[in-house]
Amino acid sequence: MSGIDHERFDELKDAYVLGALPEDERRELKEYLASHPERQAEIDELSNVAGLLALSPQEHEPPPELRRSIMSVVEAEARRPASGPRTWLAGIRELLSVRNLALGATALLVVGLFSWNMLLQGEVQDLQGQVENRQDPPGSRMVTLEGSEAAQRVQAEVMILDDDRAVLMAEDMPRLPENRAYQIWVIEGDVPRPSSLFAPQGASVAAVVEDPLDEADAIAVTVEPEGGSPQPTTDPMLIGKL
Amino acid sequence: MADLRRQYLLLADEELIALVVEGDAGAFAVLYDRHARAAYSLAYRMMGEKQAAEDLVQDALLKVWRGAGSYRTERGSVRTWILSIVHNRGIDQLRSLASRRRTHDKVEASASASQPSEAFAEAWRNTRREQVRKALGTLPPEQLKILELAYFSGYTHAEIAGLLGLPLGTVKGRMRLGLKKIKGYFDSQDMAVPR
């Protein structure tokens, strides 16, 4: 039985998430949590805040030999080595098959997004045509996006018109895994704001950037779940400073 | 191999972890490349020197490799989980040191701004770091000092009270206010606390 009551829990929880409780109190608090699971969410939220401290130290690059040392152990213990593409693909299929139930739930959203896309096609084609014909309107400008390791072959640009409309155009975007979409992020200062979603149907793609860029410092593209994410969940595949 | 790696790079951390659970070394390698720098920086801050930081990262990341099945999405992001393992192992190691000599426990001001990064993936992570540094910059120095002593040095709240000559209740209060203020920063910016 835990010796901690609600009041004591409130008193100790901050030190707990910071790792500053002595072992006996830490054990008592864990026992309390085990018998009061309704308070776990509170600890999780507080741990998330405390965990931000982990991002504050000055950065140091780990030495390459550390990667080699860790990966030599990992490779020796792996059931699926990095050089096994077939087994890896099978794994992805398994992973995706688990999500089939979720697909039904997202289907309606996808249909909505496609309908929305159809409405925007005309605008996209107009904007694309202007670029192809070098009829850039006065005041418009092009911003080249840089590709990540996974998108080295991609050529991508954003055309920003003087009335703040913008369209992102890209060639050779990597094929998306099932139930994923590309998401555009408009970055203002430190804050990435979610913008348009798109899923290339062929080698070329053009997507309207839904949000104004007048206050933006950068624009980026990440791979996200099909319905989009409120915050980026993967590293950017493309990024450009505005 | 290049195509295979490209495919891994398209996956979110949560998907990579699911593959790591199945013993997929390639998925782990991508996770390593995404998070080793943050893990090593945290380890270096805690241990204060290169070799001990490397040992800590190796210990923690092999725990990630062998214990990926214990990751729970609802408890936080993969990055937060990995860093929490580094942190917890670091605390254990600091406390088990025969000598309590911790040359790095001088409380420094928040780390200075990092060098501009050439890799844009780093730029993205740096954006998150900058958000955190700004949040920490809003803390009164006495609160930040206590949070850093607690988080990075492995001292208990009672030890911090003794070290600073403060009543234990004051130390607890500053911990509570400091964490509350960090969360308040993100609330005031209309942003979720990064996971």
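Predicted model: local features only at pLDDT ≥ 70, side-chain atom pairs only at ≥ 80, totals over all residues.
User: How many residues does helix α3 of chain A have, and how far does it reach?

Analyst: Helix α3 of chain A has 12 residues, 40-51. From its first C-alpha to its last it reaches 16 Å, close to the 16 Å expected at 1.5 Å a residue.

User: Which of its residues are buried?

Analyst: The buried residues of α3(A) are A:Ser47, A:Asn48, A:Val49, A:Ala50 and A:Gly51.

User: And what covers them?

Analyst: The cover includes α1 (6-18) of chain A. It also includes α5 (78-96), α7 (141-153) and α9 (168-188) of chain B.

User: Back to α1(A). How do the axes of α1(A) and α3(A) cross?

Analyst: They come within 9 Å and cross at roughly 50°. That angle is why α1(A) counts as oblique to α3(A). The crossing is right-handed.

User: Which residues meet there?

Analyst: From α1(A), A:Lys13, A:Asp14, A:Val17 and A:Leu18. They meet A:Ile43, A:Leu46, A:Ser47 and A:Ala50 in α3(A). A:Ser47 and A:Ala50 are also among the buried residues of α3(A).

User: New topic. Which residues touch the most other members of the largest nonpolar core?

Analyst: A:Ile219, B:Ala39, B:Ala43, B:Val57 and B:Ala150 do, out of 111 residues. Helix α3 of chain B (residues 25-47) gives the most to this core, with 15 residues.

User: What is B:Ala39 in contact with?

Analyst: Leaving aside neighbours within four places in sequence, B:Ala39 is in contact with B:Val57, B:Ala60, B:Leu61, B:Ile82, B:Leu83 and B:Val86.

Note on methods: Residues numbered from 1 in each chain as written. Chains lettered and ligands numbered in written order. Helix = DSSP H or I, 4+ residues; strand = E, 2+ residues; numbered from the N terminus. Expected span 1.5 Å × (residues − 1). Buried ≥ 20, exposed ≤ 12 C-beta atoms within 10 Å, placed from the backbone. Contact = placed C-beta atoms within 7 Å. Core = buried A, V, L, I, M, F, W, Y, C linked by C-beta atoms within 7 Å. Axes fitted to C-alpha atoms, helices over the stretch in contact; angles between N-to-C directions. Parallel < 35°, antiparallel > 145°, perpendicular 65-115°, else oblique. Left-handed = near helix turned anticlockwise from the far one by under 90°.
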